[in-house]
Amino acid sequence: MIQVEGLSKYYGEHAAVRDLSFSIGKGEVIGFLGLNGAGKTTTLKILGCVLLPTSGRVVIDGFDVVKDPHEVRQRIGFLPDTPPLYDEMTVGEYLAFVAQLRGVQAKEAKAHVAEAEEKTGLREVDGVLISTLSHGYRQRVGVAQALVHRPAFLILDEPTSGLDPAQIRGMRELIRGLKGSHTVLVSSHILPEISETCDRLLIVHGGQLVAQGAEEELARKMGGGSIEVEIRGDKARALEALQAIGPVSVTHEEGGVVGLRVEASLELRPRVAQVLVGAGLELLRLDRGAERLESIFLRLTQSGGIVSREVAS
């Protein structure tokens with residue numbers, strides 16, 4: 001669906017993006033990560049035909065963003081960090097207006113609007129003025145306007161910005177529901193949401209791609225990763241059993257339940273379960289380490305973006 005080759009964008013002498021290359025398959029949900037100033041927004045704007053690249057090539061669904069921008073715009077939906085909303089319109093009026101701008105036939109616009117509202121949970125506020133909506137609903141309207149023309153490729157820039165925990169959960173479920181029917185690129189600073197919703201990650205630093213791949217794959221390539229367990233039983237026996245797999249530490253202990261973290265790849269989860277049960281311990285929970293993506297991200301971006309070629313490729 002997306003092919004980016006040698007993409008660069010300069011502002012005078014400053015390179016916002018330098019020699020960036022990656023590809024995205026049809027139906028994938030991809031997380032796009034980087035610190036502020038890493039080049040994420042510039043890249044998204046080039047993909048969205050808002051900015052022209054200085055050099056390089058970007059092809060979306062077979063069309064070049066420089067040579068065929070009109071064809072590309074028909075195939076993408078773009079939610080910028082600040083949704084382009086008109087407060088004086090109702091939700092339904094606004095989405096119908098956007099559908100018209102996007103070239104949807106008048107006889108099909110009603111069905112398009114209904115579908116976008118259904119996907120984003122906006123049916124109940126169809127007749128409500130946008131100016132009266134909460135921030136969470138405004139974000140949903142922003143996603144709906146990006147969806148209303150049924151694009152093949154969806155760009156979401158900070159879709160959970162400013163949302164409360166309940167709204168974040170709703171947005172997470174919304175993005176998950178788009179998987180398969182749309183190709184989605186999500187940029188966000190909320191790492192747990194990226195971890196929960198995305199198939200693969202693209203991590204940029206200083207305008208360059210420093211890593212790409214599934215979260216588990218990156219942890220394995222970098223020699224990192226952890227497994228968290230909760231057991232009921234003798235703590236000393238659990239520590240002894242897990243030390244044979246990797247460095248282990250106690251994360252919490254309460255009411256006879258002990259939480260432990262093993263520094264090991266996720267591929268060793270079956271082995272962890274086996275040794276704990278074999279030691280006569282009651283295994284209550286086994287999961288990936290909650291801080292794994294944060295650890296990967298910080299290692300890649302706080303080290304000046306210096307990583308092995310294997311991780312970047």
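This is a predicted model: local features need pLDDT of at least 70, side-chain atom pairs count only at pLDDT 80 or more; totals for chains, interfaces and linings use all residues.
Me: Why are helix 5 and helix 6 called roughly parallel?

Reply: Helix 5 (residues 135-147) and helix 6 (residues 165-178) pack at an angle of about 15°, with their axes 10 Å apart. Angles under 35 degrees count as roughly parallel, and the pair is therefore described in that way. The crossing of the two helices is right-handed.

Me: Which residues make the contact between helix 5 and helix 6?

Reply: Helix 5 contributes Gly136, Gln139, Arg140, Val143 and Leu147, while helix 6 contributes Gln167, Gly170, Met171, Leu174 and Leu178. By class, this contact has five nonpolar, four polar and one charged residues. Gly is counted among the polar residues and Arg among the charged ones.

Me: What makes the phi of aspartate 19 worth noting?

Reply: Most residues other than glycine have a negative phi. Aspartate 19 is not a glycine, yet has a positive phi of about 50°. The residue is found in strand 2 (residues 14-24).

Me: Is aspartate 19 buried or exposed, and how do you know?

Reply: Its relative accessible area is 57%. Exposed means over 50%, so aspartate 19 is exposed.

Me: Why does glutamate 158 count as buried?

Reply: Buried means under 20% relative accessible area. Glutamate 158 has 12% relative accessibility and therefore counts as buried. This residue lies in the loop between strand 7 (153-157) and helix 6, and its phi, near 55°, is a positive value in a residue other than glycine.

Me: Into which domains is the chain divided?

Reply: The chain is divided into domain 1 (2-220) and domain 2 (224-290). Their C-alpha centres lie 39 Å apart.

Note on methods. Residues are numbered from 1 along each chain as its sequence is written. Side-chain values use heavy atoms; hydrogens and water are left out. Domain bounds come from an automatic or database domain assignment. Axes are lines fitted to C-alpha atoms, for helices over the stretch in contact, and angles run from 0 to 180 degrees between N-to-C directions. Helices (H or I, at least four residues) and strands (E, at least two) are DSSP runs, numbered from the N terminus. Angles under 35 degrees count as roughly parallel, over 145 as roughly antiparallel, 65 to 115 as roughly perpendicular and the rest as oblique. A crossing is left-handed if the near helix is turned anticlockwise from the far one by less than a right angle, and right-handed if clockwise. Contact means heavy atoms within 4.5 Å. Buried means under 20% relative accessible area, exposed over 50%, partly exposed in between (1.4 Å probe, protein chains only).
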